[in-house]
Amino acid sequence: HDGFTHETALNYSVGFRGPNGRDLISSFADYALENDLGGEHYSDPDLTCRAHPGRIEQYELDRLRSMMIEMISQPDDFKKWFGSFVSTPRHELDIAAAEPAYEPEEVLDALMGGETLSRLSGLRVLNIGDSFFINSEQLETVDAKAADVLCRYTEFGQAELGDALQNPAFIDELTSLINQGYWYFDE
């Protein structure tokens, strides 16, 4: 949800609409195809000729179900899929890359000078365990505490980032995100 009012208004929401099982399975199947997961072929080395060739035995169904569950049960793959799934915006974002692009020194100077960064409206930024996702992509972060600031606040500055401002690799990472249009300095 990403609503704005242009004048004083009363707003309320009732309920929560989460994904249904069909949407979740469909999304995971797409992820599995895109990432070449589950390449193992079903096999049954004990299969023999049978009197009723059209009959599927219960143990065969159980084996097939187990094969599918095993693919979903891989914690790293599941977390990457889930992070991508829930951080995908539900509407098109108004992304405008920074023009001209910022240099890391400019970003650091601005933050140290008291300026704040604002998150692009509608951008989904998530912390799932020790992984961070922005706009359906996993962020290979160099500073987990600072990345958590990106998830927690829609506006932040020097006070929220703290010691991360002393980490040149994080400043490079943050500069890249600003240049992509995900965060911007308030005018």
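The following legends describe close-up views of a predicted model.

**View A. The open sheet formed by β2, β3 and β4.** Three strands make up this open sheet, in the order β2-β3-β4, and their pairing is antiparallel. The edge positions are held by β2 (125-128) and β4 (137-139); each has a single partner strand, so one side of each is left without a neighbour in the sheet. From one strand to the next, the twist averages 30°. Strand β3 (residues 131-134) is joined to β4 by 3 bridges. Phe133 has Gln138, in β4, as its bridge partner.

**View B. The buried residue Glu173 in helix α7.** Glu173 belongs to helix α7, which spans residues 168-179. Glu173 is buried but takes part in no salt bridge. Arg119 is the nearest side chain of opposite charge, and it lies 14 Å away. When neighbours within four places in sequence are left aside, the contacts of Glu173 are Leu139, Glu140, Thr141 and Val142.

**View C. The salt bridge between Glu60 and Arg50.** In total, 6 salt bridges are counted in the model, including the one between Glu60 and Arg50, whose closest N and O atoms are 2.5 Å apart. Glu60 is in helix α2 (residues 58-72) and Arg50 is in the loop between α1 (21-34) and α2, so the pair ties together parts that are 10 residues apart in sequence. Glu60 has 10% relative accessibility and therefore counts as buried, whereas Arg50, with a relative accessible area of 28%, is partly exposed.

**View D. The salt bridge between Asp62 and Arg65 within helix α2.** The side chains of Asp62 and Arg65 form a salt bridge with an N to O distance of 3.2 Å. Because the two residues are 3 residues apart in helix α2, about one helical turn separates Asp62 from Arg65. Asp62 is partly exposed, at a relative accessible area of 34%. Arg65 likewise counts as partly exposed, with 46% relative accessibility.

**View E. The salt bridge between Asp130 and Lys79.** The closest N and O atoms of Asp130 and Lys79 are 2.7 Å apart in this salt bridge. The pair links distant parts of the chain, 51 residues apart: Asp130 is in the loop between β2 and β3, and Lys79 is in helix α3 (residues 75-87). Asp130 is exposed, with a relative accessible area of 61%, while Lys79 is partly exposed at 22%.

Key. Residues numbered from 1 in each chain as written. Predicted model: local features only at pLDDT ≥ 70, side-chain atom pairs only at ≥ 80, totals over all residues. Heavy atoms only, no water. Helix = DSSP H or I, 4+ residues; strand = E, 2+ residues; numbered from the N terminus. Buried < 20%, exposed > 50% of the residue type's maximum accessible area, 1.4 Å probe, protein only. Lys, Arg positive; Asp, Glu negative; His and termini not counted. Salt bridge = Lys/Arg side-chain N within 4 Å of Asp/Glu carboxyl O. Contact = heavy atoms within 4.5 Å. Pairing = 2+ DSSP bridges. Axes fitted to C-alpha atoms, helices over the stretch in contact; angles between N-to-C directions.
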